[in-house]
Amino acid sequence: MANDVHISGSGRVASGNYNEIHISGSGRLEGPVWCQSCHVSGSCRDEGTLTVMDDFHCSGSFRSEGHVDCGEISVSGSAHINGNVAGREEIHVSGSLKCHSLYGGEVSISGGLNAERDVEAEEFHMSGGGEIKGLLNAEEVDICIGGITLGTALKIGQIGGSEIRIRRSKAGGLLGKLMGGKRLGSGIVEVGTIEGDDISLEAVKADVVRGRDVEIGEDCEIRRVEYSGELTVGTGAVVLEQVRI
């Protein structure tokens, strides 16, 4: 039977197969590590690959030189992973995540995401900014640009999905009242191509938008829209070319 590992303070975990790994403080995973669950509170560096059958929770800082494959991933703080990240069920990030590619069931990002390649999920929800250099592919894509970001808040190579919604957050609380409920900042999402069934966009700059029912909202600048159902272009939106297919 696999052993449990508990580190309080600082310590190392040798390559091998474990049941539960708990790190409170500073830990280092040496070489490939397999475990049932892994909880980190503080900082952890993974020198190989990490495979967790159930849940991986990190509150603090996590850095990995290889791939991370888990059932469920929850990060509160920052995670820098040179390899791929896979969360077969759920991935929740409150803070920042940097990785090569990201694969998950339900992905929820609050903060920053930087992916060198692709992001694939069943559902993708994001509030924040960053960059996805490859393809973002999910059945449901919901992106909200928050804060007072100026310029490009999020840059994505391509987006594909069934339902795609990109919007800018509205001011809340006292600041929102002082501003008359207007939107914060002027951050935008830059995308090469967006393709889906139902598409609703706001504050998006894109080359091509292709879908069935397409809604182009304020602060959008789209070079070409191809649609087969209905197209709505709101006030303050710019569409250079409209093609019904």
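Visitor: Let's start with the overall build. How many helices and strands are there in the protein?

Guide: There is 1 helix, along with 16 strands. The C-alpha trace spans about 60 × 45 × 20 Å along its principal axes. Keep in mind that the model is predicted.

Visitor: What share of the residues counts as buried?

Guide: Burial is read from relative accessible area, and a residue is called buried when that value is under 20%. Here 42% of the 245 residues count as buried.

Visitor: Can we try a single residue? Is S101 buried or exposed?

Guide: S101 has a relative accessibility of 4%, so it counts as buried. You'll find S101 in the loop between β6 (85-99) and β7. Leaving aside residues up to four places away in sequence, S101 touches G83, N84, V85, R117 and D118.

Visitor: And what does V233 touch, beyond residues up to four places away in sequence?

Guide: Contact means heavy atoms within 4.5 Å. By that reading, V233 touches I216, V239 and Q242, again not counting residues up to four places away. Take I216: V233 and I216 are 17 residues apart in sequence, yet their C-alpha atoms are 4.8 Å apart in space. V233 is found in strand β15 (residues 231-233) and is partly exposed, at 33% relative accessible area.

Visitor: What about contacts across the whole chain: how much comes from residues 24 or more positions apart?

Guide: Among contacts with a separation of 6 or more, residues 24 or more positions apart account for 15%.

Visitor: On to charge. How many positive and negative side chains does the protein have?

Guide: It has 22 positive and 37 negative side chains, and the centres of the two sets lie 8 Å apart.

Visitor: Which residues gather in the patch of negative charge on the surface?

Guide: For a charged patch, like charges are joined within 9 Å. Here the negative patch gathers E106, E122, E123, E139, E163 and D197. Strand β8 (residues 119-145) gives the most to it, with 3 residues. E106 is found in strand β7 (residues 102-115), and at 30% relative accessibility E106 counts as partly exposed.

Visitor: How many salt bridges does a search of the whole structure find?

Guide: The rule is a side-chain nitrogen of Lys or Arg within 4 Å of a carboxyl oxygen of Asp or Glu. The search finds 14 salt bridges. One of them joins D69 and R88, at 2.6 Å from N to O. D69 lies in strand β5 (residues 68-81) and R88 in strand β6, so this pair ties together parts that are 19 residues apart in sequence. Both ends are partly exposed: D69 has 31% relative accessibility, and R88 has 43%.

Visitor: Does a salt bridge reach across sequence or stay local? What about D213 and R212?

Guide: The side chains of D213 and R212 meet in a salt bridge at 3.6 Å, N to O. D213 is partly exposed at 29%, and R212 is partly exposed at 36%.

Visitor: Which residue forms a salt bridge with R224?

Guide: That's E241, with the closest N and O atoms 2.7 Å apart. R224 sits in strand β14 (residues 221-227) and E241 in strand β16 (residues 238-244), so the pair ties together parts 17 residues apart in sequence. Salt bridges that share partners also join E195, R210, R224, E226 and E241 into one network.

Key
Residues numbered from 1 in each chain as written. Predicted model: local features only at pLDDT ≥ 70, side-chain atom pairs only at ≥ 80, totals over all residues. Heavy atoms only, no water. Patch = residues over 30% accessible without salt bridge, like charges linked within 9 Å, V, L, I, M, F, W, Y side chains within 5 Å. Areas by Shrake-Rupley, 256 points an atom, 1.4 Å probe, with all protein chains shown as cover. Lys, Arg positive; Asp, Glu negative; His and termini not counted. Charge placed at Lys NZ, Arg CZ, Asp CG, Glu CD. Helix = DSSP H or I, 4+ residues; strand = E, 2+ residues; numbered from the N terminus. Buried < 20%, exposed > 50% of the residue type's maximum accessible area, 1.4 Å probe, protein only.
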